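User: Could you take a close look at one helix packing in this model for me, and then follow the aromatic residues that go with it? I'd enjoy one connected walk through the geometry.

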Amino acid sequence: MRKQIAAANWKMNLTIQQGEQLLDAIIAKPHSLSADQQAVFAVPFPYLAMAQQKIAGKKNVFIAAQNCYSKKSGAYTGETSVEMLQSLGISVVVLGHSERREYFEESNQFLADKVNICLEYNITPIFCCGEPLRIREAGTQNEYVAKQLKESLYHLSADQLKSIVIAYEPIWAIGTGKTATTEQAQEMHAYLRSVLAKQYSSAIASEISILYGGSVKANNAKELFGCPDVDGGLVGGASIIAADFITIIRSLK
Ligand code: PGA
């Protein structure tokens, strides 16, 4: 069974005190996550150590970084290496979020390098893909998203691919309150799985968790996660409201 994952993306929000309170409020509640379910919190870099300490001993709960650099170490002022993350016990990194692609010009090739270094250090990338509104309106979203996967992931071996989590996030649905319909989400997720099946095998494709992101809320998570090819969500706005994210975790199938 592939993993069902509720991943919180705090983005550049909250003070450390607010972050601590939020984590306390969420992880204090018993979620009885099954072996196939995970809760992941992608917190800002300065909060990683605090967050990692808070979840110590919690089963199926992970702290993630929101980014990392593609080089091992060296003169890259302001960047964070996977070795640094690993030394904090971090085992998950969000890569290629549309905000990084747009504001920091992260290309598919650059992301391929980041994917490689994460895998080298046994860190699971949550690899984000998704189309902007003009592409959706032109009806070419499948080709657009497939190209993102091809250029950043297809060099991986089947074994390596199995360590990747994919997050499909239509950019027009991020932070807009405009969620993709369950039909739109299921259609794209099934398409991405078919593309992976073609490139690798259907057995491999069926093992990859594909999360949906873009205005996942407490009141639509159950329906979205209920789609056969939607394996949970990457959640921004609703992940920094304790009660909402608890509901979202409980909506995992
Ligand atoms: P949102 O953000 O839930 O606020 O739309 C999702 C994301 O960007 O990961």
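Analyst: Happy to. A crossing of two helices is called right-handed if the near helix is turned clockwise from the far one by less than a right angle, and left-handed if anticlockwise. With that in hand, and keeping in mind that this is a predicted model, let's turn to helix H1 (residues 16-27) and helix H12 (residues 242-250): H1 passes H12 in a right-handed crossing.

Two packed helices are described by the angle between their axes and the distance between the axes. Here H1 and H12 pack at an angle of about 40°, and their axes are 9 Å apart.

Who makes the contact? On the H1 side these are Leu22, Ala25 and Ile26, while H12 brings Ala242, Phe245, Ile246 and Ile249. Sorted by class, the contact of H1 with H12 holds seven nonpolar residues, with no polar and no charged ones.

One of those residues, phenylalanine 245, leads us on to the rings. A pair of aromatic rings is described by the distance of the centres and the angle of the planes. The model has five aromatic pairs by the rule used here. Among them, phenylalanine 41 and phenylalanine 245 are edge-to-face, at 5.6 Å centre to centre with 65° between the planes. Phenylalanine 41 sits in strand S2 (residues 37-42) and phenylalanine 245 in helix H12, so this pair ties together parts that are 204 residues apart in sequence. Both phenylalanine 41 and phenylalanine 245 are buried.

Tyrosine 69 belongs to the loop between S3 and helix H3 (82-87), and phenylalanine 110 to helix H5 (residues 108-120), so the pair links parts that are 41 residues apart in sequence. What about burial in this pair? Tyrosine 69 has a relative accessible area of 17% and is therefore buried, whereas phenylalanine 110, at 24% relative accessibility, counts as partly exposed. The cut-off that separates them is 20%, because buried means under that value. Ring pairs also bring in Tyr76, joining Tyr69, Tyr76 and Phe110 into a cluster.

Key
Residues are numbered from 1 along each chain as its sequence is written. This is a predicted model: local features need pLDDT of at least 70, side-chain atom pairs count only at pLDDT 80 or more; totals for chains, interfaces and linings use all residues. Side-chain values use heavy atoms; hydrogens and water are left out. Axes are lines fitted to C-alpha atoms, for helices over the stretch in contact, and angles run from 0 to 180 degrees between N-to-C directions. Helices (H or I, at least four residues) and strands (E, at least two) are DSSP runs, numbered from the N terminus. Contact means heavy atoms within 4.5 Å. Ala, Val, Leu, Ile, Met, Phe, Trp, Tyr, Cys and Pro count as nonpolar, Asp, Glu, Lys and Arg as charged, and the others, Gly among them, as polar. Rings of Phe, Tyr and Trp (its six-membered ring) pair if their centres lie within 6.5 Å; planes under 30 degrees apart count as stacked, over 60 as edge-to-face and the rest as tilted. Buried means under 20% relative accessible area, exposed over 50%, partly exposed in between (1.4 Å probe, protein chains only).
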